[in-house]
Amino acid sequence: MSSLSTDGIVLLDFWAPWCGPCRAMAPVLESALKKFGDVRFEKVNIAADPDQAAKFNVRAIPTLVLLKGGEQTGRLVGAHSQEEIETFISSHK
């Protein structure tokens, strides 16, 4: 995973290949992100990178963590609709 200490906005998607809700939410999340050209998107496979999951205290997946300037500004846990994801990003940017 690239450095998260940027001045920009980063949305981390914590997921795992065996997670059904994660797989179901992937296309919904990608559609939602098309509206936010200023948000960098990074997927974090917790099976391959458990240290990042621990660093962000991820206890359930899917979990979205929004960072601004390297600091967490929001968290959304569970599978959500495109509208809910867009509202989450807008309200925490």
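This report describes the sheet, the helices packed on it and the side-chain pairs of one predicted model.

Residues are numbered from 1 along each chain as its sequence is written, and side-chain values use heavy atoms, with hydrogens and water left out. Because the model is predicted, local features need pLDDT of at least 70 and side-chain atom pairs count only at pLDDT 80 or more, while totals for chains, interfaces and linings use all residues.

## Sheet

Helices (H or I, at least four residues) and strands (E, at least two) are DSSP runs, numbered from the N terminus. Two strands are taken to pair if DSSP finds at least two bridges between them. Strands of a sheet pair through backbone hydrogen bonds, either parallel or antiparallel.

The model has an open sheet of four strands with mixed pairing, in the order β2-β1-β3-β4. Its edge strands are β2 and β4 (71-77), each of which pairs on one side only. On average, neighbouring strands of this sheet are turned by 20 degrees against each other, direction ignored. For such angles, axes are lines fitted to C-alpha atoms, for helices over the stretch in contact, and angles run from 0 to 180 degrees between N-to-C directions.

Strands β1 and β2 run parallel and are joined by seven bridges; here L11 stands opposite F41 in β2. The pairing of β1 with β3 is antiparallel, over six bridges, and T63 in β3 is the bridge partner of F14. Strands β3 and β4 are likewise antiparallel and pair over six bridges, with L66 opposite G74 in β4. The hairpin of β3 and β4 has two residues between the strands, and G69 in this hairpin takes a positive phi near 65 degrees.

Burial is stated by relative accessible area: buried is under 20%, exposed over 50% and partly exposed in between (1.4 Å probe, protein chains only). In β3, five of the six residues are buried, so this strand is largely enclosed by the rest of the structure.

## Helices and a loop contact

Contact means heavy atoms within 4.5 Å. Helix α1 lies across β1, β2 and β3 and runs at about 165 degrees to β1. Helix α3 lies across β1, β2, β3 and β4, and runs at about 160 degrees to β4.

The loop between β4 and α3 contains G78. Leaving aside residues up to four places away in sequence, G78 touches M25 and P62. The C-alpha atoms of G78 and P62 are separated by 5.1 Å, although the two residues are 16 residues apart along the chain.

## Aromatic pair

Rings of Phe, Tyr and Trp (its six-membered ring) pair if their centres lie within 6.5 Å; planes under 30 degrees apart count as stacked, over 60 as edge-to-face and the rest as tilted. The count by this rule is one aromatic pair. The ring centres of F14 and F56 are 5.7 Å apart and the planes stand at 50 degrees, so the pair is tilted. Because F14 lies in strand β1 (residues 9-15) and F56 in the loop between α2 (50-55) and β3 (63-68), the pair ties together parts that are 42 residues apart in sequence. Both F14 and F56 are buried.

## Charged side chains

A salt bridge is a side-chain nitrogen of Lys or Arg within 4 Å of a carboxyl oxygen of Asp or Glu. The structure holds three salt bridges, listed below.

| Salt bridge | N to O distance |
|---|---|
| K43 and D13 | 3.0 Å |
| K35 and E86 | 3.4 Å |
| R40 and E42 | 2.8 Å |

K43 is partly exposed, with a relative accessible area of 39%, whereas D13 is buried, at 3%. K43 also lies over the face of W15, at 4.9 Å from the ring centre; a charge sits over a ring if NZ of Lys or CZ of Arg is within 6 Å of the ring centre and within 35 degrees of the ring normal.

K35 is exposed, with a relative accessible area of 58%, while E86 counts as buried at 14% relative accessibility.

In the salt bridge of R40 with E42, R40 counts as partly exposed at 30% relative accessibility, and E42 counts as buried at 10%.
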